[in-house]
Amino acid sequence: MSDDLVNTGPLFDLQAQTLFVYVKIPITRHSLVDPFHQREYELASRLQDAEAGNVIGWGQSVSDAAEDGEQHPLHQRIDITTQNLAHTRQQLRQILIDLAVPAGTEIHYTQAGQAYVDIYLPHANKQAGWQLGVGDS
């Protein structure tokens with residue numbers, strides 16, 4: 001085979017599929033504001049160190065508008081891409097506990113076309129406080 005044919009690359013992309021995961025961390029009226037996003041940067045760094053995904057962005061989910069039009073933040077959302085969902089979920093569960101996230105923190109993902117969520121319930125005594133694989137409807 002000539003060098004020209006060897007270097008043309010594959011006809012199909014054989015890389016693993018990129019999957020999307022997002023984390024929702026509840027925000028209460030008493031939550032401390034972090035204008036420097038230290039938790040998000042720490043999460044991104046730890047995921048990369050564990051080869052468990054990449055943080056691609058974050059933002060806040062807000063409530064529906066009240067009668068006066070006012071909205072307030074409900075969740076800090078962190079968007080993540082990965083090629084190994086099981087590894088990413090495992091790492092996220094421990095990292096989020098280490099980062100002292102509040103009860104009700106959620107990890108959202110899709111498997112076989114079905115949406116699921118892992119929910120942090122520290123008093124549930126399941127998988128170090130995580131309720132795993134709840135159908136997300």
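Student: How many helices and strands does the protein chain have?
Tutor: The predicted model shows 3 helices and 6 strands in the protein chain. Along the sequence, the pattern reads α-β-α-β-β-α-β-β-β.

Student: What share of the residues is buried?
Tutor: Of the 137 residues in the protein chain, 30% are buried.

Student: And the contacts: what part comes from residues 24 or more positions apart?
Tutor: Taking contacts in the protein chain with a separation of 6 or more, 55% are between residues 24 or more positions apart.

Student: Let's look at helix 2. Which of its residues are buried?
Tutor: E40, L43, A44 and L47 are the buried residues of helix 2. Seen down the helix axis, they fall within an arc of 100°, so they line one face of helix 2.

Student: Why would residues three or four places apart point the same way in an α-helix?
Tutor: An α-helix has 3.6 residues a turn, so residues at that spacing point the same way.

Student: What does the face turned away from the buried side carry?
Tutor: That face of helix 2 carries the exposed residues Q38, Y41 and D49.

Student: What do the buried ones pack against?
Tutor: The buried residues of helix 2 pack against strand 2 (54-62), strand 3 (73-82) and helix 3.

Student: What span should helix 2 have, and what does it have?
Tutor: With 12 residues at 1.5 Å a residue, helix 2 should span 16 Å, and its end C-alpha atoms are 16 Å apart, so the two agree. Just after helix 2, E51 takes a positive phi of about 50°.

Student: How do helix 2 and helix 3 cross?
Tutor: The axes of helix 2 (residues 38-49) and helix 3 (residues 85-98) come within 11 Å and cross at roughly 145°. The crossing is right-handed.

Student: Which residues make that contact?
Tutor: Helix 2 contributes L43, R46 and L47, while helix 3 contributes Q91, L92, I95 and D98. By class, the contact has 4 nonpolar, 1 polar and 2 charged residues.

Student: On to helix 3. Which residues are buried there?
Tutor: The buried residues of helix 3 are L85, T88, R89, L92, R93, I95 and L96.

Student: What covers them?
Tutor: The cover over the buried residues of helix 3 includes strand 1, helix 2, strand 3, strand 4 (106-111), strand 5 (114-120) and strand 6 (130-135).

Student: How far does helix 3 reach from its first C-alpha to its last?
Tutor: Helix 3 has 14 residues and reaches 20 Å, close to the 20 Å expected at 1.5 Å a residue. Just after helix 3, A100 takes a positive phi of about 60°.

Student: New topic: V23. Buried or exposed?
Tutor: V23 lies in strand 1. Its relative accessibility is 0%, so V23 counts as buried.

Student: What does V23 touch?
Tutor: Not counting residues up to four places away in sequence, V23 touches Q76, R77, I78, I80, L92, L96, T105, E106 and I107. V23 and T105 are 82 residues apart in sequence and 7.3 Å apart in space, C-alpha to C-alpha.

Student: And K24, where is that?
Tutor: K24 is in strand 1 (residues 19-26). Leaving aside neighbours within four places in sequence, K24 is in contact with H75, Q76, G104, T105, E106 and H108.

Student: How far apart are K24 and W58?
Tutor: K24 and W58 are 34 residues apart in sequence, and their C-alpha atoms are 9.8 Å apart in space.

Methods: Residues numbered from 1 in each chain as written. Predicted model: local features only at pLDDT ≥ 70, side-chain atom pairs only at ≥ 80, totals over all residues. Heavy atoms only, no water. Axes fitted to C-alpha atoms, helices over the stretch in contact; angles between N-to-C directions. Helix = DSSP H or I, 4+ residues; strand = E, 2+ residues; numbered from the N terminus. Left-handed = near helix turned anticlockwise from the far one by under 90°. Contact = heavy atoms within 4.5 Å. Nonpolar A, V, L, I, M, F, W, Y, C, P; charged D, E, K, R; others polar. Expected span 1.5 Å × (residues − 1). Buried < 20%, exposed > 50% of the residue type's maximum accessible area, 1.4 Å probe, protein only. Arc of directions from axis to C-beta.
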